[in-house]
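Please follow the account below with the sequence and the coordinates at hand.

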Amino acid sequence: MGVVGTAAVRDPGGAALPRGFWAAVRVWLEKPQVANRRLCGAALEAEGAVPLGEGAQAPPSLAAVGDVYNGTVTFLPLEENSEGKYLIKKCNIYQIQLRHIKDEEWSVSVVAPFPEDWFSDGIAYPKLAWLGNELLSKLAKWSVEQKTSEFKSTLSLISIAKYSKVYQDLKEKYKEMVKVWPEVTDPEKFVYEDVAIASYLLVLWEEERKEKGLTKKQTFVDLGCGNGLLVHILNNEGESTIMPGDSHLFPDTDWLIGNHSDELTPWIPVIAARSSYSCCYFVLPCCFFDFHGKYSRRQSKKTQYREYIDFVAQVGFVCGFHVEEDCLRIPSTKRVSLIGKNRTYPRTESALIDKQITQFINNRRTCAGITCDRRVGFNHKDHFDGVCEEAGSELPEDETETAESLSLKEVAGHLNKETLKRLKSEYGGLQTLLKNNHQVFEDTISKTVLTEIDETSINKIF
């Protein structure tokens with residue numbers, strides 16, 4: 001066999017190998033798009049003995065044979081001949097090998113038995129040089145990485161093969177929009193991102209129709225739809241849009257969509273639950289908002305993004321949905337979607353669930369709100385150990401009435417050093433706190449004005 005490339009791997013303490021090697025190979029098998037960006041993904045058809053004769057049903061295009069004892073995995077591309085039989089495509093066979101050198105030293109190699117006959121289409125069959133350099137370096141890195149992802153695999157809820165077909169068709173169909181994009185944003189990112197989201201939804205809805213025996217295409221409402229490109233694409237592909245009315249509920253709508261819907265994000269499961277028992281939702285969270293303002297972190301052990309995804313999923317659970325999570329293949333760091341298709345309760349318990357939703361929203365308001373006892377700015381009751389309440393107690397009573405104005409220096413002068421330090425740590429500082437709550441404070445060059453507000457606006461501060 002001809003050696004295409006070899007990478008040295010060091011395993012300090014012997015904690016990762018050889019187990020990590022097989023985990024890395026599995027990533028290449030199940031999620032090849034992580035290494036090869038030209039691929040949308042892969043579908044694992046079967047494990048174990050796979051028949052390749054005339055009786056085989058939908059055989060794989062690639063077979064992988066692992067030899068745990070010798071530390072090798074051999075990739076055997078398959079092709080159909082004129083008689084309908086599937087044979088091994090010998091020219092494109094390759095093998096990944098793990099070798100133990102000594103102590104903590106290992107090596108990972110890519111070898112090909114017939115390198116001179118290798119055929120490359122640049123996608124499913126990349127060039128040998130790419131396998132020996134790009135892929136090999138990633139496999140070597142993954143083999144000793146002890147990191148697990150916080151999120152699900154990409155496109156785990158739909159058929160990757162169907163998605164790839166729909167995405168390529170829509171990408172070709174709407175590529176001209178990139179040339180005439182009227183906004184200042186990057187056209188390739190935004191056009192192809194919405195093409196990818198539309199592709200996902202079209203496949204998701206097609207599979208739902210088969211699952212439920214539906215003949216008519218689903219209707220949808222996109223809440224907070226931005227520039228409307230996603231709606232335009234879905235309409236062009238035969239899906240029906242429902243125009244929102246004054247009721248803010250959509251009893252005749254099959255799906256609600258929240259594509260980077262900002263402040264509306266936590267409300268979408270609520271609106272779906274209250275619209276009808278059959279209404280479903282798809283939400284792609286981006287910016288972090290609670291029901292009554294910005295979302296406040298509560299769990300330092302999680303990333304802020306993971307914590308917020310869990311919060312939006314919790315909203316769906318409270319609303320009585322069986323919530324599913326999936327990662328989209330889009331050019332964005334915020335690509336985790338949440339889907340509510342099925343209910344966890346019978347229709348007869350709808351009134352009970354509605355009360356549960358109301359209680360949950362009110363509890364969120366209480367946890368993140370501020371009580372109004374004329375100390376508008378700082379009487380805070382939430383999980384931050386009462387830092388704003390402490391700050392409020394340090395201001396003189398006559399200087400916390402509504403419509404009073406103080407200079408920033410005067411406000412800071414009434415607060416002790418420990419309170420200012422905590423404000424800096426938890427809110428970015430006193431000035432940032434005031435600017436972020438402009439409905440309560442008017443921040444001018446020299447003065448901070450406490451404007452007249454009511455209890456409703458106070459509850460939206462934190």
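In this predicted model, D103 counts as exposed, because its relative accessibility of 67% lies over the 50% cut-off. The residue sits in the loop that links β5 (94–102) to β6 (105–112). Although D103 is not a glycine, its phi is positive, at about 50°.

A positive phi also occurs at L155, again in a residue other than glycine, with a value near 55°. L155 belongs to the loop between α2 and α3. Is L155 buried or exposed? Its relative accessible area is 3%, and L155 is therefore buried, the cut-off being under 20%.

A further backbone feature concerns the peptide bond from L17 to P18, which is cis, with omega near 5°. P18 is placed in the loop between β1 (2–10) and α1.

The discussion now moves to helix packing. Two packed helices are described by the angle between their axes and by the distance between those axes. For helix α1 (residues 19–30) and helix α2 (residues 128–143), the axes come within 8 Å and cross at roughly 130°. The crossing in which α1 passes α2 is right-handed. On the side of α1, the contact is formed by G20, F21, A24, V25, V27 and W28; α2 contributes W130, L131, L135, L139, W142 and S143. Sorted by class, this contact of α1 with α2 holds ten nonpolar residues, two polar residues and no charged ones.

The other helix pair consists of α3 (residues 160–173) and α4 (residues 187–212), which pack at an angle of about 135° with their axes 9 Å apart. Helices α3 and α4 are therefore oblique to each other. Here too the crossing is right-handed, as α3 passes α4. From α3, the residues in contact are K162, Y163, V166, Y167, L170 and K171. Those of α4 are Y192, V195, A196, A198, S199, Y200, L202, V203, E206, E207 and K210. Which classes of residue make up the contact of α3 with α4? Eleven are nonpolar, one is polar and five are charged.

Read together, the two pairs show how class composition accompanies each crossing. The contact of α1 with α2 has no charged residues, whereas that of α3 with α4 has five.

Note on methods
Residues numbered from 1 in each chain as written. Predicted model: local features only at pLDDT ≥ 70, side-chain atom pairs only at ≥ 80, totals over all residues. Heavy atoms only, no water. Axes fitted to C-alpha atoms, helices over the stretch in contact; angles between N-to-C directions. Helix = DSSP H or I, 4+ residues; strand = E, 2+ residues; numbered from the N terminus. Parallel < 35°, antiparallel > 145°, perpendicular 65-115°, else oblique. Left-handed = near helix turned anticlockwise from the far one by under 90°. Contact = heavy atoms within 4.5 Å. Nonpolar A, V, L, I, M, F, W, Y, C, P; charged D, E, K, R; others polar. Buried < 20%, exposed > 50% of the residue type's maximum accessible area, 1.4 Å probe, protein only.
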